[in-house]
Structures are given as structure tokens and as C-alpha cells.
Amino acid sequence: MLKDITLGQYFPGDTPAHRLDPRTKILLVIFYIVALFCAKSVVTYGIMILTLLVCVQISKVKAGALFRGLKPVVFIIIFTAVLNLFFTPGNYLFQWGPLHISDAGVRMAVSMVLRIMLLITGTFLMTYTTSPIRLTDGLESLLNPLKRLHVPVHELAMMMSIALRFIPTLIEETDKIMSAQKARGADFESGNLFRKAKALIPILVPLFISAFRRADELAVAMECRCYHGGEGRTKLHVLKFATRDWVALVCGTAIMVGVIVLRQFGM
Amino acid sequence: MRWLPPFPNNREETNALKDILQIENLTHTYGAGTPFQRDAVKDLSFSVREGEFLGIIGHTGSGKSTLIQHLNGLLKPTSGRILLDGKDIWAEPKKIRDVRFRVGLVFQYPEYQLFEETVYKDIAFGPMNMGKSGEELDRCIRESAKLVGLKSETLEKSPFELSGGQKRRVALAGVLAMEPEVLVLDEPTAGLDPAGRENLMANIRDFHRNRGGTVILVSHSMDEIAQNVDRILVLKSAKVLMQGAPREIFARADELLSAGLDVPQITRVAMALKRRGVPIDPAVYTVKELKRQLLALRKGGAVC
């Protein structure tokens, strides 16, 4: 049952979107988010939607997968829509007791919902087309300048990739421990909240112990292979900007600047 | 409480006994409806007789682990039935926990599921879930600890300060304390040293002989299976390849080898001798039996 959770939602593929340098994709997502927060008219939102559609088309990610990504945030989207719809002052279109819907409210609700949806699908598009390893590689390389300020960039990136690597392992482990305790008659379903919380102890204790054991073993294995942190370390896959990265970055910058300029003209 | 009276460990007598577990056309499909759909076990049927020692062998991925998780209702069959004492275990899904108490399942590397502060408390987890308390609970714990050879001072220790072999015995005691009628073990000796392996198998044999329990042993090791069980079930890619007494199974050694499975070392020696022209029955699987045959040959004045 736990195996059904999809984590690290990377869909392998060989499209231009997959081949882009991870740094480019991270920067593009940042540009996209900045532009999204500047957009406030039909025209600018139109540009944002169009951009996303083109990117989805290029990446060949299925629409169904993108909508699945929205599932966990449905509640937040509805909540924002309702709040904005009923509590924004303006010319009332409709009034019933303390509840009222104004023209500004409708506009606000629509734009907020659009903004959240675009924001999430935009970032998901990046994780769908970039493997976690490449993503952390890209992040490490982008954050490199922070090393001058003694920020342990390499160590943070390493922690991130190890954490991502061990999520499936830990899920599998949890599954096993749950089965074993169930075989001894453990009951996770019935009882009140307190009893249910108490029923988790037989799972959590072995899980923590095995996580520490694994961490220990991994540390020894890494030391055996002379791992000593980021200093002087070279990479197997060196990140390199290609022409397509420059093209993508120029397009991304143009869209962002365009949206900001349009905003200045009140559009 | 439910310990059955001891009875002789004799194959002819076992045959006359009733079936405690019946597996009827069991199929289990993982990831149904996805591209990863796969039958882990397919249309599997066999029965386990009361009081017998059954060995299950098969390659990694032959469906052994999936099969045994059906026996105590941890997995629900995609189709087919599991009958315990003639009753479908899924007839009343709410009472599946009772099935788990009657069919004790010891997973692979069971020491990783220990969690309590003391060995005593950890062994108590199963029987307490059954609702036992007081003297009855204490009796279950001490008897099962004794059965696996844990000293009474060990019971007050933390399970985490014990050695690997001892931890495994604690885990085994945790299942035995529920006094199951059927004990299912998945690779119980994996990762133990030879002495630890022999000790643990001796504990399991004790449970079988003295308590009259039914034991199902899943193992990779042909030697371990050959030395302990009354009957063998060989699985190959989700199906039963063959079943029968060890002698019958090892008589078909060539089939086993072509299925990518091993035969006991002694059988291999006998097969090699046979190939070199020694008139010997290659289906032997114990040192004693081989020795008897060889000595008989020498008395008969055969070439050796």
C-alpha cells in the first residue's frame, strides 16, 4: 500500500526539455515565478498560460500527470478561491446577508487560482523532466558562489541527494516492519487517536534504529572510498551549457522582462 | 493452551492426518491495471498436513514470500482461497487477526522488528495483542523463551545489546509466544554463522517434535531443507514445480538443476560417484545414508 505513493516524480524521456541543463531549468522556473507574480491582466496571464502550454508540449509530459500533481493542493486552491470571492470589497454583484460577491472579488479569485495552479504545474514540469541527481547537481552549481560566505553548499547538496535516494528504501522498510508487527497481531486501524498513535511505536522504533544503522554503514562505505567533502572533488557528469540552454534562457528572460514592462504600462 | 499433544514424527502416520492448511488456486497479482502488472503466484494449489514439517524452496522471485504472506492473511488473494482447518480465512475479514495468531509467521531478518525496552516485553507483544494477561501471559513468555534457549536473565536485558543470533531467537520467541498451530519461517537462518544456524534449526525442530506444531520452512539452502523436512514443495516462476518426500524430489536432481536450483552436497557427491560407474542410488541426501550405501558396496566387493 505504501508502495503506491509516487515520490521524486521524474519521468524519464529524451525531449529537448529533458536535455536542458538543470541549471537552466532552475533559472527558468525562477524567471517564471517572478513573471507570474508580476502578471495581473488578461494579456499577461495569457502569456503565462501560453508559455506553460508550449513547455508542456516540448516536454511531452502527459496532462494527466500534471493534474495529478495538483491533487494535494486542491484544498488550498478552493480555500483561496472562496476567501477571495466572498471577502474582497468592490461593486457588489450579489449580496446575501453578510456574504457578498464583488466584481473585484471574482477577478481576484480567478487570478489567485490561476496563479497557484501555474506556479505548481510550472515547478512540477521541472521535477518531471529532471532526475533528482541532476537537480541537486544543478542546485549545487548555482549556489557555488555562496561558498565564499562559508555556506557548506556541497554538503547540503550531498545531504539532499542522499535523502532522496533513501526515501524508497525507507518506505519499503516501513512496509516490512508493518507486516511483521501485524503478524504478531498489531492493530493499526481501530481505536481512538491516542491508541492509534501508541500503535505506531512498534513501527517507529525499529524504523529509526534501521535508519541510523543505514546512515552509519553509508558513512563507513563513503569513508572507505576516501570521501572527504567537496574540496577538490571532480564530477563524473560535468554540467555544460549548450546552445539550447542559451536559447532557452534568452526566451525565458524575454518573457519575464516583457511581462514586467507590460505591467508598467498598466496591462 | 493450544499446544497439541506430541506425536511421533513419522511420515506414514502424517499421511493419515487431516490437512490443516489448504491452498486452492491461489493467484496474487501485483500492480493490477498498471504496466507493471505481474503475477507473483499463479493458480497455486497444495495442502499442508497437520503436524508435518514442510519445506518450500524456489529461486528469488519464485513467489515464496508472496505465498507465505497469504497463509496468515497479511496479503489477500487476487483469486483463490486459503482454508485453515477447512474454513476460508477471509470468510470474516474482521477476524483476520485470529488467523494471524493461529498461523505464526517469522519474517526474514526478524531481529529488525524488535522494539521494546526488554526482551521480556518484546516477547509479550504478540500474546498481549491476543488479550492474554497475568500468569497466562507470563507462562507463554517463559515457555517460548525456554524453547529457543534464552536464559531467564536475558529476559531482563535490552534486545539491542544482544548478539545477532540471540536477537533472532528473541524474535522467534515473540512469535512462538502466541502458541501458533502452524509456524511459518522465511529463511530463518540467513546471515547466521554455522553454529547459530544449527542452534536455531534445533529450536525449530524442538517446536515441531515436542509441541507437535506444523512447521513450514522457506529456505534457499537445500542442505537445510533436506536435513529437516518431511515433505518438499518446489516453486518455480509462480507455480509448483514438484512436491513430495525429499527422496522423491532428489531422485529428480537433474530437473532441479535445470530449474536453476541446487541439490544437497551429499546428493551431488552421490551423483558424481554414479557418473563414474559406482552402482549407487543418487537420491541420497544425508551423510548417514550415503555411508550405509558405500559400506554395503564394499562388503559386496564392488569396485570403489
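## Close-ups of a predicted two-chain model

**Figure 1. A right-handed crossing in chain B: α4(B) passes α6(B).** Helix α4 of chain B covers residues 119-129, helix α6 of chain B covers residues 164-176, and they pack at an angle of about 30° with axes 7 Å apart. Angles under 35 degrees count as roughly parallel, and α4(B) and α6(B) are therefore roughly parallel to each other. On the α4(B) side, the residues to look for are V119(B), I123(B) and P127(B); they meet V170(B), A173(B) and G174(B) in α6(B). Sorted by class, that contact of α4(B) with α6(B) comes out as five nonpolar residues, one polar and no charged ones.

**Figure 2. Helices α7(A) and α8(A) pack in a right-handed crossing.** Over in chain A, helix α7 (residues 132-143) and helix α8 (residues 153-183) have axes that come within 9 Å and cross at roughly 165°. That angle makes α7(A) roughly antiparallel to α8(A). From α7(A), the contact takes in P132(A), T136(A), L139(A), E140(A) and L143(A). Facing them from α8(A) are V153(A), H154(A), A157(A), M160(A), S161(A) and L164(A). By class, the tally for α7(A) with α8(A) is seven nonpolar, three polar and one charged.

**Figure 3. Helices α3(A) and α6(A) pack in a left-handed crossing.** Here the pair is helix α3 of chain A, residues 42-59, and helix α6 of chain A, residues 103-129; their axes come within 11 Å and cross at roughly 25°. At that angle, α3(A) is roughly parallel to α6(A). The α3(A) side of the contact is Y45(A), M48(A), I49(A), L52(A), C55(A), V56(A) and S59(A). These residues meet S111(A), L114(A), R115(A), L118(A), T121(A), G122(A), L125(A) and T129(A) in α6(A). Nine nonpolar, five polar and one charged residues make up the contact of α3(A) with α6(A).

**Figure 4. Where chain A meets chain B: 15 residues of chain A touch 20 residues of chain B.** Together the two chains bury about 1500 Å² between them, with 62% of that on carbon and sulfur atoms. On the chain A side, keep an eye on A183(A), R184(A) and G185(A): they supply 42% of the area that chain A buries against chain B, more than any other three residues. As for scores, the model gets ipTM 0.84 and pTM 0.76.

Figure 5. Chain A has a mean pLDDT of 86, and 96% of its residues reach 70 or more.

**Figure 6. Confidence in chain B, with a mean pLDDT of 87.** In this chain, 92% of the residues reach 70 or more. The stretch to pick out is residues 4-15 of chain B, where the pLDDT is below 50. Leaving aside near neighbours in sequence, residues 4-15 of chain B have 21 contacts in the model.

How values were computed. Residues are numbered from 1 along each chain as its sequence is written. Chains are lettered from A and ligands numbered from 1 in the order in which they are written. This is a predicted model: local features need pLDDT of at least 70, side-chain atom pairs count only at pLDDT 80 or more; totals for chains, interfaces and linings use all residues. Side-chain values use heavy atoms; hydrogens and water are left out. Axes are lines fitted to C-alpha atoms, for helices over the stretch in contact, and angles run from 0 to 180 degrees between N-to-C directions. Helices (H or I, at least four residues) and strands (E, at least two) are DSSP runs, numbered from the N terminus. Angles under 35 degrees count as roughly parallel, over 145 as roughly antiparallel, 65 to 115 as roughly perpendicular and the rest as oblique. A crossing is left-handed if the near helix is turned anticlockwise from the far one by less than a right angle, and right-handed if clockwise. Contact means heavy atoms within 4.5 Å. Ala, Val, Leu, Ile, Met, Phe, Trp, Tyr, Cys and Pro count as nonpolar, Asp, Glu, Lys and Arg as charged, and the others, Gly among them, as polar. pLDDT is the predictor's confidence in each residue, from 0 to 100. Buried area is the accessible area (1.4 Å probe) that two parts lose on being put together, summed over both.
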